[in-house]
Amino acid sequence: MSTPTESILNIGRTDDETALPAESFIVKYPTVARVVRVCFAYAFVALAVGGLFGVIQALHRTNVIRVIDSADYYTLLTAHGVFLAIVFTIFFLAGVFAWANTRSLERPPLNPRFTWLWVGTMSAGTLLSGGSILAGLVAEIDVSADVLFTFYAPLQAHPLFYIGLALFVVGTWLAGIDWFRQYLDWRADNPDERIPLQSFMVLTTMLMWYLSTLGVAIEVVVFLIPWSLGLMPAPTPLLTRTLFWFFGHPVVYFWLMPAYLMWYTVLPKLSGGRLFSDPLARVVFVLFLLLSTPVGIHHQYLDPGIAEGFKFIAMTNTMFLLLPSLLTAFTVVASVEHGARQNGGEGYFGWLTALPWRDPAFTGMMLAGLMFAAGGFSGMVNAGMNINYLVHNTIWVPGHFHLTVGTAVALTFMAAAYWLVPRVTGRALYSRPIGLFQVVLWFIGMTFMSAAMHRGGLAGIPRRTAEPEYSKFTFEAVVGTISSLRLQIAFGGVLLFVSLVIFLANIALTAANNEPATGLKTDLPPALSGPEQSPQVLDELKLWAIIAIVLVILAYSLPLWSIINGAGFYQDGITASPQVVQPVLEVLI
Amino acid sequence: MHVHNYEKLWLLASLALIVGFISTIVYGAVGAGVVMVNDEGGQVNASGLSEHPEFNDPGVRKVGPNEYEAYVVAQQFAFSPDPIEVPANSTVTFYVTSRDVVHGFEVAGTNANAMVVPGEVSKMTVEFNETDEYGVVCNEYCGQAHHDMAGEVIVKEPGNFTLDDAGESTTAQATNGTDETANGTGES
Amino acid sequence: MVEAEAGSETPADVQAPDAYADGTLVRDPEVENPLGQEDFDPKGTLALLLVYFIILTLMWTFMYYVEFLGNGPTVIG
């Protein structure tokens with residue numbers, strides 16, 4: 001890619017044989033390493049922009065510092081959601097999956113052009129959607145997309161926003177095809193082998209993604225794009241909401257799966273141990289494939305137009321979806337404990353001291369896991385159907401997902417970057433102590449911000465609002481005061497932003513570091529309980545895909561039918577707001 | 001398949017947790033009588049609310065001894081009627097719909113909370129046992145002035161609470177006032 | 001690498017001298033007594049998760065019965 005990278009590669013080949021060994025990823029698969037670098041670059045730029053908007057919002061809605069109009073708050077909020085929850089997470093996922101699939105199958109993708117095609121498609125989608133959101137900040141440009149991450153119709157965005165989203169999703173589909181082709185190529189050479197674990201994780205996750213993105217693809221391509229272009233009338237709001245949440249819950253597992261992949265396959269190594277159970281890791285990913293999608297209605301517990309029975313079914317499915325995460329907690333912690341015991345760790349809890357806490361990659365992932373345990377609890381409350389009345393659309397909900405996607409995922413990705421970036425750049429990490437400080441700072445910042453958000457939610461403070469208070473009434477906190485909660489949110493948000501800046505600087509300095517990375521010879525250790533101890537049926541991807549489709553049909557066909565039966569595809573009386581284009585039909589008539 | 005005994009134990013504990021959660025929720029529905037907002041409210045024409053027999057005149061009606069119905073219209077960026085006045089020791093069924101985009105209807109500090117989706121009616125029955133004043137928050141983003149969208153529910157002493165013969169306006173002046181405001185915003 | 005993931009070969013195969021030399025590990029890479037599958041009982045994990053289980057149960061009970069059911073009025077129809 002660049003001359004400095006080539007010089008690093010040359011160091012490995014000529015001057016210093018041990019610098020970049022022949023078996024290191026970057027030397028074996030230079031093209032894939034470049035793909036990973038490009039994906040990470042997109043991810044980190046999105047992280048920078050989304051994070052900046054995040055701190056502006058945290059200070060604005062708590063009334064600490066105001067640099068924008070309250071009306072522009074929602075433009076920044078849209079950008080914050082889309083840049084962080086779509087662009088950052090999914091580009092990072094693409095990088096991790098490209099690395100993991102190649103590494104575990106021991107072969108690059110069949111056709112580099114095809115690989116660049118999906119990178120290019122995702123990039124084009126990002127630029128269109130991201131650009132149309134940011135254009136909302138510039139009065140001179142008549143393009144905006146102030147519709148937030150959920151883009152509920154009949155709020156309307158510029159067509160470019162929807163087209164960009166569609167392109168982005170198509171890019172991820174192509175990426176999945178690339179990884180499946182890589183797998184089939186491997187399968188041709190290894191007809192009787194078990195699928196390597198990392199590749200298994202990539203493939204099951206992508207199957208889940210194909211199934212779940214059908215919802216958003218239909219919503220955007222069939223309904224929203226023709227509507228925003230003025231070709232078709234406004235779709236039934238409840239129908240497009242339901243299609244969105246068909247995708248909107250599985251997408252959270254799409255963010256999470258690369259983090260799980262790192263926890264299962266890299267974290268044990270970092271701790272000095274081995275994966276406790278390969279069979280259970282496979283079971284967990286199969287469960288996510290089966291159960292991630294037929295649960296989306298739990299985001300619509302308080303929606304009219306959906307019978308309580310459908311909500312109950314979604315609730316039970318969601319509760320059983322806790323199972324793979326609870327199993328993950330055991331398997332991952334046991335793998336780390338395996339490392340600690342070999343390090344001389346003793347006792348029921350004393351082993352925790354025998355772990356490499358000075359390693360930012362290890363500590364970052366562990367703190368992310370700890371926060372996920374807390375976020376798991378608030379998620380259980382969200383999932384609890386009738387208790388959802390207490391917290392629905394209050395600031396409790398962003399409090400919850402800043403623990404999950406904002407920490408379990410984002411902090412794991414940052415920690416993973418400290419380990420993975422040297423492997424795809426060939427450059428040594430600029431500073432481990434700074435990295436350690438950064439991950440701990442994120443943890444502290446998130447503790448302040450998220451705890452206060454949860455408590456604010458219990459007081460009834462809504463999410464997604466620019467103003468801290470209303471003229472007609474005040475909120476009452478159970479413990480402490482509302483103003484102290486606001487200060488904690490603002491303080492936590494500032495710590496998170498500082499942590500983010502330090503992370504980006506550390507990575508940028510790593511990319512410019514002329515010192516070659518060390519330790520690249522190493523491979524990931526095998527599991528204690530290997531795949532041969534699990535039934536062969538776990539690797540039957542077709543079977544699991546078919547069962548997943550059947551479960552989705554069972555969970556969604558009746559609710560969708562009843563919505564369409566009640567309100568139709570195009571309900572009378574729905575009009576766009578704001579209206580970006582005059583409906584062509586109305587103009588013609 | 002090889003699974004360590006401790007992990008089997010954890011698997012059982014996890015299943016017990018899941019079953020426990022579901023049981024609690026079933027208790028909430030059956031024992032405590034919490035009902036989810038559902039499809040009973042039916043559909044309406046969002047831009048034809050002025051022709052609707054109830055939503056054409058948002059307000060509170062008496063339908064039985066201590067039983068009331070409150071028809072509420074949410075629109076950018078107000079609720080009507082505002083305030084919603086009901087007597088204490090009453091059972092109130094809210095019918096909430098939207099004239100434009102998706103809104104929220106959250107009686108702050110209570111469990112009365114629902115999405116308001118244009119074309120659909122959110123029906124919620126709530127008991128108000130004591131006099132109180134609650135804020136009503138739109139808790140779903142609905143446009144640039146979303147943060148200004150709030151209302152009130154005022155639970156009055158039954159003695160101070162009156163409806164006229166038509167059963168339409170509560171303490172007449174307040175409701176008439178908000179109706180005018182609502183119509184004004186609707187047309188602008 | 002496939003082999004590395006594919007099996008549970010003896011730990012000795014795994015602990016190549018370079019195995020943990022990328023600075024991510026504080027101890028000597030040559031593990032003297034590698035723990036095999038049969039010898040390792042993750043009692044610390046079980047203990048931690050039982051603590052988590054208790055916290056979850058108590059907090060769920062508090063959230064459901066105190067915070068939620070005590071937060072009336074509630075939707076009953």
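The legends below describe close-up views of a predicted model.

**View 1. Overall make-up of chain A.**
Chain A of the predicted model contains 20 helices and zero strands. Of its 589 residues, 69% are buried. Where contacts in chain A join residues at least 6 apart in sequence, 83% of them link residues at least 24 apart. About 18,700 Å² of chain A is accessible surface, and carbon and sulfur atoms account for 68% of that area.

**View 2. The interface of chain C and chain A.**
On the chain C side, 47 residues are in contact with 66 residues of chain A. Together the two chains bury about 4,900 Å², with 65% of this area on carbon and sulfur atoms. The number of salt bridges found across the interface is zero. Polar contacts, in contrast, join nine residue pairs between chain C and chain A, counting pairs with both residues at pLDDT 80 or more.

**View 3. The side of chain C that touches chain A.**
Three helices of chain C, H1 (2-6), H2 (11-14) and H3 (43-68), each give at least two residues to the side that touches chain A. H3(C) provides the largest share of that side, with 16 residues. Sorted by class, the residues on this side of chain C are 29 nonpolar, nine polar and nine charged.

**View 4. Surroundings of Ser292(A).**
Ser292(A) sits in the loop that runs between helix H11 (278-291) and helix H12 (308-320) of chain A. The relative accessible area of Ser292(A) is 0%, so the residue counts as buried. A polar atom of the Ser292(A) side chain is 2.6 Å from the backbone oxygen of Phe288(A). Beyond its neighbours within four places in sequence, Ser292(A) has contacts with Met208(A), His249(A), Pro250(A), Tyr253(A), Leu287(A) and Leu321(A).

**View 5. The cis peptide bond in chain B.**
Asp82(B) and Pro83(B) are joined by a cis peptide bond, with omega at about 0°. Pro83(B) belongs to the loop between strand E3 (78-80) and strand E4 (84-87) of chain B.

**View 6. The cis peptide bond in chain C.**
The peptide bond between Gly72(C) and Pro73(C) is cis, and its omega is about -5°. Pro73(C) is found in the segment that follows H3 of chain C. H3(C) is also the helix that supplies the largest share of the side of chain C touching chain A.

**View 7. Positive phi at Glu106(A).**
Glu106(A) is a residue other than glycine, yet its phi is positive, near 55°. The residue is placed in the loop between helix H4 (70-105) and helix H5 (112-134) of chain A. With a relative accessible area of 31%, Glu106(A) is partly exposed.

**View 8. Positive phi at Met385(A).**
Met385(A), which is not a glycine, has a positive phi of about 40°. The loop that holds Met385(A) lies between helix H14 (360-383) and helix H15 (388-391) of chain A. The relative accessibility of Met385(A) is 1%, so this residue is classed as buried. Glu106(A), by contrast, is partly exposed.

Technical notes. Residues are numbered from 1 along each chain as its sequence is written. Chains are lettered from A and ligands numbered from 1 in the order in which they are written. This is a predicted model: local features need pLDDT of at least 70, side-chain atom pairs count only at pLDDT 80 or more; totals for chains, interfaces and linings use all residues. Side-chain values use heavy atoms; hydrogens and water are left out. Contact means heavy atoms within 4.5 Å. Buried area is the accessible area (1.4 Å probe) that two parts lose on being put together, summed over both. A salt bridge is a side-chain nitrogen of Lys or Arg within 4 Å of a carboxyl oxygen of Asp or Glu. A polar contact is a pair of N or O atoms within 3.5 Å; within protein, one must be able to donate a hydrogen and the other to accept it, and residues adjacent in sequence count only if both atoms are side-chain atoms. Helices (H or I, at least four residues) and strands (E, at least two) are DSSP runs, numbered from the N terminus. Ala, Val, Leu, Ile, Met, Phe, Trp, Tyr, Cys and Pro count as nonpolar, Asp, Glu, Lys and Arg as charged, and the others, Gly among them, as polar. Buried means under 20% relative accessible area, exposed over 50%, partly exposed in between (1.4 Å probe, protein chains only). Accessible areas come from the Shrake-Rupley method with a 1.4 Å probe; for residues, only the protein chains shown count as cover.
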